[in-house]
Amino acid sequence: MAAHRKPRRRSAGGHTVRTAATIALAGAATATGFDGIGHAEPQLTPEQVKAKVDRLYQEAEEATEKYNGAKERADAAETRLDVLRDEAARRTEQLNEARDALGSIAAAQYRGGGLGPAMQLALTDDPDRYLDSAEFVERAGTRQATSVATVRRQLREIEQLRGAAHVELAALKSRQAELKRHKKTITGKLGAARRLMSQLPAEERAGGDGERASRATPGAREALTAPGAATTDAPNSRAAAAISYAYSKLGSPYVWGATGPDAFDCSGLVQAAYRSAGISLPRTTYAQIDAGRRVSRSELLPGDLVFFYSGISHVGLYIGDGQMIHAPNPSAPVRVAPIDEMPFAGATRVV
């Protein structure tokens, strides 16, 4: 009978399978936690952690450029909306003045005939319909007819302005929602990067290029902050001025969305540098690469904008000898770096 059977011995193979499954599940759980809330992953070396952090920074920068573009569009929509509202208010004031003048003329003409047209015009809920009435038009002379036409035109213009303002308001709300999405992405990526870095020993966290640059000896620091040949070799005075500005900002912190004067993101830095030279550049890397004439890597001159990654998500200011000044990411300040440290995507000469 089955009740009298001896218990089956656990096979080594079954134990191995269960152990392997347990390890696999544990590994999956660890990986999920790593991507989601940043729990420690002991299997990763410091170099692997730093590689993940670099990827997170790159993804955050892509989101930052999208945020910058959305903010630029939101600001433009808000400006247009303000202009439309101001114009609608001005036209409404003109309309009220025209209605008052028209009512005065009509009141003088029809005085003594009951409630004057001025009062009718002032009290009606539908002035346009009232102005269209056959009785009023028949009694109005040439001067009044012209005034009626003016008021009608002003009413139409105000309605058009209100319609345009409604469209701009909808666009603004859409841009604001887009900003919120990109901001959430950015803060999420940067938060994950910080949690990853916190897993490293202090000496490993202090071993990045940004820290090494900030701990450079005074002599080396002075050499980095002196433009020297970079401005001398620049093709014109405006490029030289942009380079001088960028040098003056070495050591400034990276802050996403910032355009100076004390903090920058990558596109904000080059925009501010050329703004100091009297040149207006677009806000985002995607637009900046098309702001001038494309040049090949072999043609680079100091002052050219150099772009990186396939998505054109990072930009620096070329200063010669294969070097650039750029705002890397939150882990490092504005600094001099080789253009070889990131995948080169193209270059543009704006002056």
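Pro-261 is placed in the loop between H11 and H12. A cis peptide bond joins this proline to Gly-260, with omega at about 5°. The model is a predicted one, in which local features need pLDDT of at least 70, side-chain atom pairs count only at pLDDT 80 or more, and totals for chains, interfaces and linings use all residues. Residues are numbered from 1 along each chain as its sequence is written, and side-chain values use heavy atoms, with hydrogens and water left out. Helices (H or I, at least four residues) and strands (E, at least two) are DSSP runs, numbered from the N terminus.

Helix H11 covers residues 237-248, 12 residues in total, and reaches 16 Å from its first C-alpha to its last, close to the 16 Å expected at 1.5 Å a residue; the expected span is 1.5 Å times one less than the number of residues. At its N-terminal end, H11 is capped by Asn-236, with a side-chain oxygen 3.2 Å from the backbone nitrogen of Arg-238. Polar contacts are pairs of N or O atoms within 3.5 Å; within protein, one atom must be able to donate a hydrogen and the other to accept it, and residues adjacent in sequence count only if both atoms are side-chain atoms. Within H11, the residues Ala-239, Ala-240, Ala-242, Ile-243, Tyr-245, Ala-246 and Tyr-247 are buried. Here buried means under 20% relative accessible area, exposed over 50%, and partly exposed in between (1.4 Å probe, protein chains only).

Aromatic rings come next. Rings of Phe, Tyr and Trp (its six-membered ring) pair if their centres lie within 6.5 Å, with planes under 30 degrees apart counted as stacked, over 60 as edge-to-face and the rest as tilted. By this rule the count comes to 3 aromatic pairs. One of them joins Tyr-245 and Phe-264, whose ring centres are 6.4 Å apart with planes at 90°, so the pair is edge-to-face. Because Tyr-245 belongs to helix H11 and Phe-264 to the loop between H11 and helix H12 (266-275), this pair ties together parts that are 19 residues apart in sequence. Both Tyr-245 and Phe-264 are buried.

The pair of Phe-308 and Phe-344 has ring centres 6.1 Å apart and planes at 80°, so this pair is edge-to-face. Phe-308 lies in strand S2 (residues 305-308) and Phe-344 in strand S6 (residues 344-349), so parts 36 residues apart in sequence are tied together. Phe-308 is buried, with a relative accessible area of 0%, whereas Phe-344 is partly exposed at 26%. Arg-297 lies over the face of Phe-344, at 5.1 Å from the ring centre; for such a placement, NZ of Lys or CZ of Arg must be within 6 Å of the ring centre and within 35 degrees of the ring normal.

What of the nonpolar cores? A nonpolar core is a set of buried Ala, Val, Leu, Ile, Met, Phe, Trp, Tyr and Cys residues joined through side-chain atoms within 4.5 Å. The largest has 32 residues, of which Tyr-274, Leu-305, Leu-317 and Ile-325 touch the most other members. Two or more residues of this core come from each of H11, H12, S2 and strand S3 (314-320). H11 gives the largest share, 7 residues. Contact means heavy atoms within 4.5 Å. Not counting residues up to four places away in sequence, Leu-305 touches a set of residues including Val-270, Tyr-274, Leu-281, Val-315 and Leu-317. A second, separate core of 25 residues includes Val-53, Tyr-57, Ala-74 and Leu-161.

Gln-154 is part of helix H6 (residues 142-198) and counts as buried at 8% relative accessibility. Beyond residues up to four places away in sequence, Gln-154 touches Gln-94, Leu-95 and Ala-98. Asn-329 sits in the loop between strand S4 (323-326) and strand S5 (335-338) and counts as buried at 14% relative accessibility. The side chains of Asn-329 and Ser-331 are joined by a polar contact of 2.4 Å. With residues up to four places away in sequence left out, Asn-329 touches Tyr-57 and Tyr-254.

Positive phi values complete the account. Ile-312, a residue other than glycine, has phi near 50°; Ile-312 lies in the loop between S2 and S3 and counts as buried at 17% relative accessibility. Asp-321 also is not a glycine, yet has a positive phi of about 55°. Asp-321 lies in the loop between S3 and S4 and is exposed, with a relative accessible area of 76%.
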